[in-house]
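Welcome to this short tour. Please open your viewer, get the selection tool ready, and follow along one stop at a time.

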Amino acid sequence: MPLAKICGLSTPDTLDAAIAHGASDVGFVFFPPSPRHLSPDTAAGLAARVPSHVRTVGVFVDPDDRTLEQAIAAARLDAIQLHRTAPDRVAHLRRSYARETWAAVAIKTRADLDAARTYLGAADRLLYDAKTPAGAALPGGMGLRFDWTLLTGFRHPLPWGLSGGLDPANVAEAIARTGAPLVDVSSGVESAPGAKDVDKIAAFLQAAAS
Ligand SMILES: O=C(O)c1ccccc1NCC(=O)[C@H](O)[C@H](O)COP(=O)(O)O
């Protein structure tokens, strides 16, 4: 059974549902333009509900040191997920904060996937996510999917995860077709942008485990 991360949780009931139904990782977004953005105080309250066998992952977009420090301290993050962050900066933040460090890699073409190799030695895990359109406010959480066949035969330079456009109806097929060791979802388990749905969370995690 692959690991499964529910990203962009922002309420106790949806967080509890993710934990109860077997999520390995829960994601808290620290990016003000996102409908899933959390303040450090809110994140701290949620993090206190997370048992030790579930990892808390902070999601950031090329963060400055202060943003990271506040979030890590408040939410006692186990891991940091970095979008739009250059490999040398990822490596620096990994060394500085001593947290498991995920580099999100935006994928549309084979060349995008090849660029993932630049994170070897810089990150602990790659999260392949669908590239959002130029000018989009968010680099993730938009329900977009990339061509999974790009992953066929690819020699992954690091442990990895699959993200982008997953939902309860397609996650089992995604795992079967790609062999993903970790799947990640946000909008696919929402009823509206930023509003997670406990039934969809349960259905996603059940399908991922099937
Ligand atoms: O979800 C957000 O609002 C977000 C904002 C800024 C950076 C990253 C963000 N999400 C990252 C994730 O890990 C999402 O789960 C991933 O992009 C998949 O989203 P979706 O396609 O909606 O399932």
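## A walk through the model

Before you click on anything, keep in mind that this is a predicted model.

**Stop 1: the ligand.** How many residues surround the ligand? There are 27, and the closest are Cys 7, Gly 140, Gly 141, Ser 186 and Ser 187. Now colour three strands: β2 (25-29), β3 (55-61) and β8 (182-185). Each of them supplies at least two residues of the shell around the ligand. If you colour this shell by class, you will find 11 nonpolar, 13 polar and three charged residues.

**Stop 2: Phe 60.** Stay with strand β3 and select Phe 60, which has its place there. Is Phe 60 buried or exposed? It counts as buried, because it has 22 C-beta neighbours inside 10 Å, and 20 or more are needed for that label. Leaving aside neighbours within four places in sequence, the contacts of Phe 60 include Phe 30, Phe 31, Thr 67 and Leu 68. Ile 80, Gln 81, Leu 82 and His 83 are also among its contacts.

**Stop 3: Asp 62.** Next, select Asp 62, in the loop between β3 and α3 (65-75). Look at its backbone: Asp 62 has a positive phi of about 35°, although it is not a glycine. With 14 other C-beta atoms within 10 Å, Asp 62 is partly exposed.

**Stop 4: Arg 84.** Go on to the loop between β4 (79-83) and α4 (87-97), where you will find Arg 84. Arg 84 is not a glycine either, yet its phi is positive, at about 50°. It has 13 other C-beta atoms within 10 Å and is partly exposed.

**Stop 5: two helices.** Finally, select helix α2 (residues 40-47) together with α3. Their axes come within 7 Å and cross at roughly 30°. That angle is under 35 degrees, so α2 and α3 are roughly parallel to each other. The crossing is right-handed. Which residues make the contact? From α2, show Pro 40, Asp 41, Ala 43, Ala 44 and Ala 47; from α3, show Gln 70, Ala 71, Ala 74 and Ala 75. Coloured by class, the residues of this contact divide into seven nonpolar, one polar and one charged.

Methods. Residues numbered from 1 in each chain as written. Predicted model: local features only at pLDDT ≥ 70, side-chain atom pairs only at ≥ 80, totals over all residues. Near = placed C-beta within 6 Å. Helix = DSSP H or I, 4+ residues; strand = E, 2+ residues; numbered from the N terminus. Nonpolar A, V, L, I, M, F, W, Y, C, P; charged D, E, K, R; others polar. Buried ≥ 20, exposed ≤ 12 C-beta atoms within 10 Å, placed from the backbone. Axes fitted to C-alpha atoms, helices over the stretch in contact; angles between N-to-C directions. Parallel < 35°, antiparallel > 145°, perpendicular 65-115°, else oblique. Left-handed = near helix turned anticlockwise from the far one by under 90°. Contact = placed C-beta atoms within 7 Å.
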